[in-house]
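Visitor: I'd like to go through the charged residues here. Can you take my questions one at a time?

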2 protein chains.
Amino acid sequence: MKNSVPPKAQSKLKAPTIFDVAKLAGVSIKTVSRVINLESNVRASTRERVEEAVEALDYRPNAAARVLSGKRFYVIGLIYENPNEFSYMQKVLNGALKACEAGGYTLLLLPLTLPNPDLIDDVQRFVSQSRLDGVVLPAPLGDFSEIQRLLNELNIPYARITPKTEAGDDLSVQCHDEQASFDVTQFLIEQGHRRLGFIKGDPIHGATEHRYRGYIRALQAAGIGLHSEFVRDGMFSFESGKTAARALLDLREPPTAIVASNDDMAAGTIFEARERGLSIPGDLSVVGFDDTPIASHIWPPLTTVRQPIVEMAEAITSLLIRRLKGEQVEPLDQPFACHVVTRASTGIRAAEDDLA
Amino acid sequence: MKNSVPPKAQSKLKAPTIFDVAKLAGVSIKTVSRVINLESNVRASTRERVEEAVEALDYRPNAAARVLSGKRFYVIGLIYENPNEFSYMQKVLNGALKACEAGGYTLLLLPLTLPNPDLIDDVQRFVSQSRLDGVVLPAPLGDFSEIQRLLNELNIPYARITPKTEAGDDLSVQCHDEQASFDVTQFLIEQGHRRLGFIKGDPIHGATEHRYRGYIRALQAAGIGLHSEFVRDGMFSFESGKTAARALLDLREPPTAIVASNDDMAAGTIFEARERGLSIPGDLSVVGFDDTPIASHIWPPLTTVRQPIVEMAEAITSLLIRRLKGEQVEPLDQPFACHVVTRASTGIRAAEDDLA
DNA sequence: TGAAATAATGACAGCGCTGTCATTGGTTGT
DNA sequence: ACAACCAATGACAGCGCTGTCATTATTTCA
């Protein structure tokens with residue numbers, strides 16, 4: 001009940017103003033203003049009537065009008081030191097922020113926890129309350145069809161970062177994920193590995209499939225057969241990586257190298273290997289994806305794949321902005337390139353292994 | 001030159017409007033509007049004249065007026081999945097965001113890289129361009145006196161998260177950092193350790209001194225002498241932790257336990273120890289601070305100190321907002337409590353050690 | 001009971017811009 | 001050289017709210 005979206009009729013019609021509330025409550029707009037600003041000198045009965053009208057119309061004060069006429073801005077700034085190392089979302093944030101600054105736009109944030117039963121309500125509230133022109137949807141949010149439908153209905157353009165699915169008229173960025181996965185797998189093969197484990201990511205992310213395909217292609221290119229017991233499901237979390245690694249290392253003939261679909265799962269793999277007293281890369285080589293801070297801070301540091309996330313986020317956001325300004329924009333033609341960062345978690349497979 | 005702040009006179013007077021620009025350029029306001037919105041049908045010479053006037057007055061369009069009169073909002077939303085594990089800044093962001101949502105305010109971000117020669121210009125531009133009511137300054141930004149001076153001049157209230165210095169009328173949050181440091185050091189002592197190394201943090205952070213004092217107090221309480229060679233400077237970075245650990249482990253009689261002032265430096269310490277083939281916690285116990293993701297993802301997982309950062313950020317932001325709304329607010333009376341999270345990077349000091 | 005004080009409400013201007021439409025100036029073609 | 005056109009510019013309303021001040025109810029106290 002409380003979470004339901006406003007009546008459909010209003011999503012097309014203009015939002016109610018203070019006049020509508022005043023009319024419905026039978027008072028002047030100034031009295032409505034007093035009520036919504038919690039000023040004194042309003043009779044309790046009047047206040048109540050106004051509040052009912054506000055409720056009935058689902059009225060929200062127009063922030064711009066408030067700012068323009070009043071003395072307050074209703075804005076808080078958060079100034080912070082940009083840590084020199086970033087998580088994935090920090091990078092996206094930075095890229096989007098840059099593009100917004102360059103384009104004269106303001107960036108507003110809606111952090112969500114998934115799974116979320118009220119997802120659509122939350123997004124709806126955010127979009128209408130904050131009066132947005134456009135929305136950026138990093139993976140996996142760009143693949144929630146309910147969100148896409150909502151934004152389409154409200155006629156709000158959106159840009160997606162590494163989505164899984166296509167959408168017509170697509171404002172989205174991709175990177176050469178599959179190629180990078182191919183490269184990193186091939187790198188392991190060149191080091192002499194033949195038994196290569198793979199830990200998949202959360203299937204909701206497009207990257208999961210791309211990375212898996214790169215792995216398969218590299219095996220094929222080297223004439224190595226694909227063994228299903230070497231492929232395990234993961235969810236991009238440390239724990240899921242640990243669990244998958246446990247299964248792989250429990251095999252009678254365990255892999256000598258493991259490709260984890262992100263750094264957290266690679267860290268989980270190393271964690272699991274360490275618990276078993278395995279040496280890395282002596283007994284097991286491990287690679288990850290994303291080059292997040294953890295990759296360079298664990299021992300041994302991870303060989304991983306770096307994506308230009310900041311640049312990708314910046315590019316797609318500025319494209320979105322150009323489109324909002326009325327420019328006719330072409331979709332990004334080229335995926336961004338990724339590259340392998342070689343560190344100490346990978347090594348040459350000892351010759352003795354060939355006997356096995 | 002280009003970076004200099006607008007003429008002093010204007011910081012008190014009202015900001016120039018489109019009228020001022022029009023008058024100076026000798027055109028109508030509509031023409032100014034055309035120029036700043038890059039519309040067509042403006043003679044090059046006119047455009048130039050207007051641009052000069054804009055420059056001369058340092059004119060910035062009033063965002064609220066634009067929004068109110070036009071059809072655009074100049075706002076982009078970024079909707080993202082809140083990763084289940086956060087960096088320090090992510091936590092601050094989440095707390096501040098919560099408080100803003102609850103208070104009907106909007107949160108705007110200014111990420112900064114330090115050191116920054118244009119610091120004040122950047123902050124000035126942010127504050128005036130975004131028309132903020134208040135500012136949140138997480139450590140170490142709350143200790144930059146230039147920023148404080150600027151905000152005071154502009155009469156913009158600010159709240160600080162774990163600042164080092166006091167400011168009258170203080171809107172700031174602290175946590176029981178010293179106590180936590182005492183606790184974690186005492187914990188190591190109880191495990192039998194007597195030779196305890198300490199790696200300090202960046203001196204610009206208040207936490208650095210608090211944590212160091214807790215360490216000293218715990219040594220005193222146990223009757224253990226403070227040896228200066230056991231105390232090393234660090235900068236809160238992984239690298240600095242590694243360097244400091246190297247120095248400590250190079251000692252003729254190295255410590256059997258190391259207290260690093262944050263997790264990154266603790267990770268650096270473990271990294272260094274691993275490079276030397278030391279076993280943890282067998283040969284060396286290590287503790288960190290902050291309980292960042294890395295603490296639980298490295299092997300062995302780190303014993304560390306967790307601060308309620310989200311709650312702290314939320315509390316101080318909502319206090320700031322209440323103050324902006326005109327309430328008479330009291331400073332937060334109690335620092336927030338921290339607690340030790342015990343993991344596998346610490347262990348009982350073997351008895352043989354007593355011989356040494 | 002009536003005057004003075006106070007509480008509750010309303011009328012209205014104006015915040016700084018953009019959208020619409022009217023007007024002016026300049027160019028082209030014949 | 002004049003009409004017919006298009007480019008360049010301006011006049012003005014109005015976006016939705018808050019601040020100011022005037023007005024009208026209600027209470028208080030002599």
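Visitor: Is Glu272(B) buried or exposed?

Guide: Glu272(B) counts as buried, at 4% relative accessibility. Buried means under 20% relative accessible area, exposed over 50%, and partly exposed in between (1.4 Å probe, protein chains only). This is a predicted model, where local features need pLDDT of at least 70, side-chain atom pairs count only at pLDDT 80 or more, and totals for chains, interfaces and linings use all residues. Residues are numbered from 1 along each chain as its sequence is written, chains are lettered from A and ligands numbered from 1 in the order in which they are written, and side-chain values use heavy atoms, leaving out hydrogens and water.

Visitor: Which residue does Glu272(B) form a salt bridge with?

Guide: Arg276(B), with the closest N and O atoms 2.9 Å apart. A salt bridge is a side-chain nitrogen of Lys or Arg within 4 Å of a carboxyl oxygen of Asp or Glu.

Visitor: And what does Asp250(B) pair with?

Guide: Asp250(B) also forms a salt bridge with Arg276(B), again at 2.9 Å. Asp250(B) is exposed at 52% relative accessibility, while Arg276(B) is partly exposed at 34%.

Visitor: How many salt bridges over all chains?

Guide: The count is 28. In chain A, Glu178(A), Glu209(A), Arg213(A) and Arg217(A) are linked in a network of them.

Visitor: Changing topic: what does the side chain of Ser261(A) reach?

Guide: The backbone oxygen of Ile199(A), at 2.7 Å. Ser261(A) itself counts as buried, with 0% relative accessibility.

Note on methods
A polar contact is a pair of N or O atoms within 3.5 Å; within protein, one must be able to donate a hydrogen and the other to accept it, and residues adjacent in sequence count only if both atoms are side-chain atoms.
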